Amino acid sequence: MEEMRTGSLSKQASKQASKQASKQADISLLRIVATIAVVFLHTNSTLTEHQELFQQTGSQYNFFLCSHLVLHWAVPVFLMITGALLLKKEKVITYGICIKKYCKRILLALFIFGVSFSMIELFISRRSVSWTMPLQSLMNVITGNSFSHLWYLYALIGLYLVLPFFKAALDNMSEVQLQIFLLILFIFAFCLPCLEMIGVEIAFTVPITYTAFYAVLGKYLYEKDGHISKFICLLALLVCLIVVCVFRIDGYDHPITAVESICIFLLFKGLNVKNEVRKQRLWKLDRLCFGVYLIHPVFIHFTYRVLKISPISFGDMYCLMMFVFGVAYIACAFMGSWLMAKIKLLREYVL
């Protein structure tokens, strides 16, 4: 009798997961692709941002630099997914939910993994262990001096805290008002900073960052009716990628990065997976993505800084080896995330 009950519950859970996956297969695909892009981004950016540790020729540096600049759309896409899922009208978002459910999860992830990563970094740099390391690691997390990729978690907490306000405002906006709101955010958060980069100073500001823009934009694009040609999106994306490489455009608050993110988001919007088995596999991979984001730098730093092996170690084969290293990191990170998900406390409260 107990076995039948367990089997029934298992089938019910499976149906629920399938239903969820079928509704948001495009979001799952988008999240998985963005996660893979982030791993490749850090596979390259770790080399270009620490030139003192890696001796590179000019061509190697340019290759690794362009390889990570063209992937800057990944984090904005994560923010757009957050907006698409949490700002939709039927979603109930209160301050209690945001703090107890979303913020608590990110804070736990930040301190559990941030402190651990900081201790690893201190050990690598000092080659010794001391009793002060846990306290110093804790302070590093509080001050934002742990692994650099954790900046996204700090930004996510801030975004979650303002989501109820945005939700209440957006639910009562007409489509035209929402378009005007997005335009204002785009001008002040993206366009004006670009003018300042070329020496034109504008005193006017809006106290809302690009993270809010991407979240609201994700909601708008995901709910927007009408079909936009995938070919046009792909063509626009290719043009943007060329511009990024030529002009070395860096930063999530650049208009070109915003256009890239929009193109990627629209390319995946509406994609569906008809096969039920594939839906289940897709959903399971989707659930591992947050864990992959958290732990993938560990593998990068271990091979680059401890083993002293990187794509540069292979001479003229660095282009191919960058791809090989990236794939290896992706495989290791997904496996690590899968193993972490087996730990009940991490699965229920963090991952």
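The protein chain here holds 14 helices and 0 strands. Welcome to a predicted model, whose pattern along the sequence reads α-α-α-α-α-α-α-α-α-α-α-α-α-α.

**The chain as a whole**

- The C-alpha atoms of the protein chain fill a box of roughly 70 × 55 × 40 Å along the principal axes.
- A compact globule of 351 residues would have a radius of gyration near 20 Å, and the 21 Å of the protein chain agrees with that.
- Of the 351 residues in the protein chain, 46% count as buried.
- Take the contacts between residues at least 6 apart in sequence: 80% of them join residues at least 24 apart.
- The accessible surface of the protein chain is about 18,600 Å², and carbon and sulfur atoms account for 67% of that area.

**The largest nonpolar core**

- In soluble globular proteins, nonpolar side chains tend to be buried together.
- In this model, the largest nonpolar core has 103 residues, and the members that touch the most others are Phe113, Leu153 and Leu294.
- Helix α2 (residues 25-48) supplies the largest share of this core, with 11 residues.
- What does leucine 294 contact, once its neighbours within four places in sequence are left aside? The list is Ala109, Phe113, Phe117, His149, Leu150, Leu153 and Leu351.

**Helix α7**

- Helix α7 covers residues 151-171, which makes 21 residues.
- From its first C-alpha to its last, α7 reaches 29 Å, close to the 30 Å expected at 1.5 Å a residue.
- Where does α7 bend? The bend is at valine 162 and comes to about 45°, with proline 164 following within four residues.
- The buried residues of α7 include Leu153, Leu156, Ile157, Leu159, Leu163 and Phe166, and also Lys167.
- Among the elements that cover the buried residues of α7 are α4 (74-86), α5 (95-126), α8 (175-197), α9 (210-223) and α12 (276-306).

**Helix α11**

- Because 12 of its 14 residues are buried, α11 is largely enclosed by the rest of the structure.
- Those buried residues include Pro255, Ile256, Glu260, Cys263, Phe265 and Phe268.
- The packing partners of the buried residues of α11 are α2, α4, α8, α9 and α10 (230-247).
- Just after α11 comes glycine 270, which takes a positive phi of about 90°.

**Two loop residues with positive phi**

- Arginine 248 is not a glycine, yet its phi is positive, at about 50°.
- You can find arginine 248 in the loop between α10 and α11, and with 37% relative accessibility it counts as partly exposed.
- Lysine 308 is another residue other than glycine with a positive phi, in this case near 60°.
- Lysine 308 sits in the loop between α12 and α13 (318-340), and its 60% relative accessibility makes it exposed.

- Asparagine 140 belongs to helix α6 (residues 133-143).
- Is asparagine 140 buried or exposed? Buried means under 20% relative accessible area, so asparagine 140, at 14%, counts as buried.
- Leaving out residues up to four places away in sequence, asparagine 140 touches Ser118, Leu122, Asn145, Ser146 and Tyr154.
- Lysine 284 lies in helix α12 and is exposed, with a relative accessible area of 56%.
- Lysine 284 and cysteine 191 are 93 residues apart in sequence, and their C-alpha atoms are 39 Å apart in space.
- Methionine 340 is part of helix α13 and is buried, with a relative accessible area of 13%.
- Not counting residues up to four places away in sequence, methionine 340 touches Phe113, Gly291, Ile295, Leu346 and Leu351.
- Phe113 and Leu351, both touched by methionine 340, are also among the contacts of leucine 294.
- Between methionine 340 and leucine 71 there are 27 Å from C-alpha to C-alpha, and the two are 269 residues apart in sequence.

Terms used: Residues numbered from 1 in each chain as written. Heavy atoms only, no water. Core = buried A, V, L, I, M, F, W, Y, C linked by side-chain atoms within 4.5 Å. Buried < 20%, exposed > 50% of the residue type's maximum accessible area, 1.4 Å probe, protein only. Contact = heavy atoms within 4.5 Å. Expected span 1.5 Å × (residues − 1). Bend = angle between axes of the 7 residues up to and from the residue. Rg over C-alpha atoms; globule rule 2.2 N^0.38 Å. Areas by Shrake-Rupley, 256 points an atom, 1.4 Å probe, with all protein chains shown as cover.
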